Amino acid sequence: LLEVDVVDALGDLLGRRVRTLDAASEFAASGRVARWDGRDESGAAVPSGVYFFRAESDGAAGKVILLRD
């Protein structure tokens, strides 16, 4: 699971939006968090790859590498 601040969008290398995450009800020591289970908006598992996120709260951005068996 990916845990970050409130996320505006999670996208793939081609710039396609994979999922929008909402952290309205999740809290951690560092503040609100969003969790990503490796699925897209329709609930389908996304393939292994590099995905990018942007935190709405402070504009921070980063990447996550998802590896599946």
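The paragraphs below lead through this predicted model, from the chain as a whole to a few of its residues.

Because this is a predicted model, local features need a pLDDT of at least 70 and side-chain atom pairs count only at pLDDT 80 or more, while totals for chains, interfaces and linings use all residues. Residues are numbered from 1 along each chain as its sequence is written, and side-chain values use heavy atoms, with hydrogens and water left out.

The secondary structure of the protein chain amounts to zero helices and eight strands, where helices (H or I, at least four residues) and strands (E, at least two) are DSSP runs numbered from the N terminus. Read along the sequence, this gives the pattern β-β-β-β-β-β-β-β. The predictor's confidence in each residue, pLDDT, runs from 0 to 100; its mean over the protein chain is 79, and 70% of the residues reach 70 or more. Among the elements, strand E1 (residues 2-4) has the lowest mean pLDDT, 55, whereas E3 has the highest, 91.

Of the 69 residues of the protein chain, 32% count as buried, a word that here means under 20% relative accessible area, with exposed meaning over 50% and partly exposed lying in between (1.4 Å probe, protein chains only). The accessible surface of the chain comes to about 4500 Å², and 50% of that surface belongs to carbon and sulfur atoms; such areas come from the Shrake-Rupley method with a 1.4 Å probe, and for residues only the protein chains shown count as cover. Contact means heavy atoms within 4.5 Å, and among contacts between residues at least 6 apart in sequence, 44% join residues at least 24 apart.

The interior can be followed through its nonpolar core, a term for a set of buried Ala, Val, Leu, Ile, Met, Phe, Trp, Tyr and Cys residues joined through side-chain atoms within 4.5 Å. The largest such core has ten residues in all, namely Leu10, Val18, Leu21, Ala34, Trp36, Val46, Tyr51, Phe53, Val64 and Leu66. Two or more residues of this core are given by each of E6, E7 and strand E8 (61-66).

In one of them Asp37 pairs with Arg19, the closest N and O atoms being 2.9 Å apart. This pair links distant parts of the chain, since Asp37 sits in the loop between strand E6 (34-36) and strand E7 (49-55) while Arg19 is in strand E3, 18 residues apart. Asp37 counts as partly exposed because its relative accessible area is 41%.

Arg19 itself belongs to strand E3, which covers residues 17-19. Its side chain also reaches the backbone oxygen of Arg39 at 3.1 Å, a polar contact being a pair of N or O atoms within 3.5 Å; within protein, one must be able to donate a hydrogen and the other to accept it, and residues adjacent in sequence count only if both atoms are side-chain atoms. Leaving aside neighbours within four places in sequence, Arg19 is in contact with Ala9, Leu10, Trp36, Asp37, Arg39, Asp40 and Glu41. Of these, Glu41 lies in the loop between E6 and E7, and, apart from residues up to four places away in sequence, Glu41 touches Val18, Arg19 and Thr20.

The other salt bridge joins Arg16 to Asp12, with the closest N and O atoms 2.7 Å apart. Arg16 is placed in the loop between E2 and E3, and Asp12 is found in the loop between strand E2 (7-11) and E3. Asp12 counts as buried because its relative accessibility is 15%. A polar atom of the Asp12 side chain also lies 3.0 Å from the backbone nitrogen of Leu14. Not counting residues up to four places away in sequence, Asp12 touches Val18, Val50, Tyr51 and Phe52.

Val50, one of those partners of Asp12, lies in strand E7. Val50 and Asp12 are 38 residues apart in sequence, yet their C-alpha atoms are 6.5 Å apart in space. With a relative accessible area of 24%, Val50 is partly exposed. Residues up to four places away in sequence aside, Val50 touches Gly11, Asp12, Leu13, Lys63, Val64 and Ile65.

Notes. A salt bridge is a side-chain nitrogen of Lys or Arg within 4 Å of a carboxyl oxygen of Asp or Glu.
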